[in-house]
Amino acid sequence: NSVHGVGSANLSYHLLPKTTDRKLEPFVVAGYAIAFRAGVGHGTNFGGGANVWLSDHVALRFEVRDTVIIGDHQVGYRIGVTFR
């Protein structure tokens, strides 16, 4: 019984004061998760990571997140880009 789709809505909290000269910006994230195939499963997700600022407006984002739906844990690793 494999999942065809997973979605989430999250809030994040950045742990250090926002300054333009800080290169590393750690954060925690948590929120609602949904998985769907023939039916729908609801759950939560939580994790953390860091933005590594390459310039004033662009950062690499590294994140680890655990999604829990109906007692099943799925750990995901993400690499992305953040703009400000």
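Figure 1. Glu63 is buried, its relative accessible area being 6% (buried means under 20% relative accessible area, exposed over 50%, and partly exposed in between, with a 1.4 Å probe and protein chains only). This is a predicted model, in which local features need pLDDT of at least 70 and side-chain atom pairs count only at pLDDT 80 or more, while totals for chains, interfaces and linings use all residues. Residues are numbered from 1 along each chain as its sequence is written, and side-chain values use heavy atoms, with hydrogens and water left out. The structure contains two salt bridges, a salt bridge being a side-chain nitrogen of Lys or Arg within 4 Å of a carboxyl oxygen of Asp or Glu. A network of salt bridges links Arg61, Glu63 and Arg65.

**Figure 2. The two arginines that meet Glu63.** Arg65 forms a salt bridge with Glu63, with the closest N and O atoms 2.4 Å apart; Arg65 is buried at 7% relative accessibility. The side chain of Arg61 also meets that of Glu63 in a salt bridge, at 3.2 Å from N to O. Arg61 is partly exposed, with a relative accessible area of 21%.

**Figure 3. The hairpin of strands E3 and E4.** Strands (E, at least two residues) are DSSP runs, numbered from the N terminus, and two strands pair if DSSP finds at least two bridges between them. E3 (residues 40–53) and E4 (residues 58–69) pair in the antiparallel sense over eleven bridges. Four residues lie between them, and Trp53 has Ala59 in E4 as its bridge partner.

**Figure 4. The hairpin of strands E4 and E5.** E4 pairs with E5 (residues 72–83) in the antiparallel sense over twelve bridges. The bridge partner of Ile69 in E5 is Asp72. Two residues separate the strands in this hairpin, where Ile70 takes a positive phi near 50°.
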